[in-house]
Amino acid sequence: MIIFPAIDLKDGKVVRLYKGDFAAMEQVAKDAVATALAFQFAGAAWLHLVDLDGARDGERKNARLVEKVVQVGLRVQLGGGLRTMSDLEAVFAMGVYRAVIGSAAVSDPDFVRAAIARYGADRIAVGIDQRGGHVRTAGWTEDAGIDYLDFAKQMEDIGVTKLVFTDIDTDGTLSGPCFERLQALQDTVGCDIISSGGVSSNQDIAALHQMDLYGAIVGKAWYAGAVNLREAIREGGPQQ
């Protein structure tokens, strides 16, 4: 299982949210590049990078910083504000490996289909951010009124093979992942699933590994010192 240590960017700062609440945002590191280097030193091959300004406002204000982080040499999976083919062209030109399409996948599934046709299914993921079983958009601030399992199936039907599943109610809480909804997702689609939200310990990561997931995102737990990243990566197995 691939371990994706995470960096969330807001106004050029490394931050974490609590249950997706921008009002509860806290800065958790001083420097995004130094943080990426620390992940690399721990043995990470991948990095999950989120542009929160892009996710909420559709403006990729952190683009220059994203480019600097990419230059560290990790394989970067980027989400936040990727809503047009021009956006994808720009981030792939920076060296980003995989783009995570969130809100635009809800409003314009044909964009996802076209992106996969152009770049291949391995380089395009769809983010399923859910609260109470419903998909949320616009940086988690709006309820799209779509059941997350129905949406996942719709995405699989148009060719998506990578899903980033975020349970907003556990994100940033260190309370453990939402295993029940993850299992329901795994039972519904055959896509590679990356779990995001709630990881509180290496035991949580081991439990996700036992589910035979493709990947797990580790955010606040690492910043809080609750997860040994090197150990998690070793136990996760091959990271490519």
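Let's start with a word that comes up a lot here: a residue is buried under 20% relative accessible area, exposed over 50%, and partly exposed in between (1.4 Å probe, protein chains only). With that in hand, Asp212 is exposed, because its relative accessible area is 65%.

Before going on, some housekeeping. This is a predicted model, in which local features need pLDDT of at least 70 and side-chain atom pairs count only at pLDDT 80 or more, while totals for chains, interfaces and linings use all residues. Residues are numbered from 1 along each chain as its sequence is written, and side-chain values use heavy atoms, with hydrogens and water left out.

## Two aspartates with positive phi

Back to Asp212. You'll find Asp212 in the loop between H9 and strand E12 (215-218). Those labels come from DSSP runs numbered from the N terminus: helices are H or I with at least four residues, and strands are E with at least two. Asp212 isn't a glycine, yet its phi is positive, at about 65 degrees.

Asp11 also has a positive phi, about 55 degrees, without being a glycine. Look for Asp11 in the loop between strand E1 (2-10) and strand E2 (13-18). Asp11 counts as partly exposed because its relative accessibility is 48%.

## More residues to look up

Another aspartate, Asp31, lies in the loop that links strand E3 (21-29) to helix H1 (32-41). Its relative accessibility is 39%, so Asp31 counts as partly exposed. Along the chain Asp31 and Lys13 are 18 residues apart, and their C-alpha atoms are separated by 7.2 Å.

Next up is Ser200, which belongs to the loop between strand E11 (192-196) and helix H9 (202-210). Ser200 is partly exposed, since its relative accessible area is 22%. Leaving aside residues up to four places away in sequence, Ser200 touches Leu174, Ser175, Gly176, Ala221, Ala226 and Val227. Touching, or contact, means heavy atoms within 4.5 Å. For Ser200 and Val227, which sit 27 residues apart along the chain, the C-alpha separation is 7.0 Å.

Val160 is in the loop between H7 and strand E10 (162-167). Val160 counts as buried because its relative accessibility is 3%. Again setting aside residues up to four places away in sequence, the residues that Val160 touches are Val112, Ile116, Val126, Met155 and Cys191.

From Arg234 to Pro109 the C-alpha separation is 37 Å, and the two are 125 residues apart along the chain.

## Two helix pairs

Now for some helix packing. Axes are lines fitted to C-alpha atoms, for helices over the stretch in contact, and angles run from 0 to 180 degrees between N-to-C directions.

| Helix pair | Angle | Axis distance |
|---|---|---|
| H7 (residues 148-157) and H8 (residues 179-188) | about 35 degrees | 10 Å |
| H4 (residues 85-94) and H6 (residues 109-119) | roughly 35 degrees | within 11 Å |

H7 and H8 make a right-handed crossing. A crossing is right-handed if the near helix is turned clockwise from the far one by less than a right angle, and left-handed if anticlockwise. Tyr148, Leu149, Ala152, Lys153 and Glu156 come from H7, and they meet Arg181, Ala184, Leu185 and Thr188 from H8. Sorted by class, the residues of this contact are five nonpolar, one polar and three charged. Here Ala, Val, Leu, Ile, Met, Phe, Trp, Tyr, Cys and Pro count as nonpolar, Asp, Glu, Lys and Arg as charged, and the others, Gly among them, as polar.

H4 passes H6 in a right-handed crossing. On the H4 side are Met85, Leu88, Glu89 and Phe92, which meet Phe111, Ala114, Ala115, Arg118 and Tyr119 in H6. That contact of H4 with H6 has seven nonpolar and two charged residues, and no polar ones.

## Grid points are joined across faces, edges and corners, and a volume is the space filled by probe spheres set on the points.

How many cavities of 30 Å³ or more are there? The count comes to one. The largest cavity has a volume of about 510 Å³. Its lining takes in 42 residues, and His48, Val50, Asp129, Trp140 and Thr166 lie nearest the centre. By class, that lining has 18 nonpolar, 17 polar and seven charged residues.

Notes
On a 1 Å grid over the protein atoms alone, a cavity is a set of points where a 1.4 Å probe fits but cannot get out, and a pocket is an open set with protein on both sides within 12 Å along at least five of seven lines; lining residues have an atom within 4 Å of a point.
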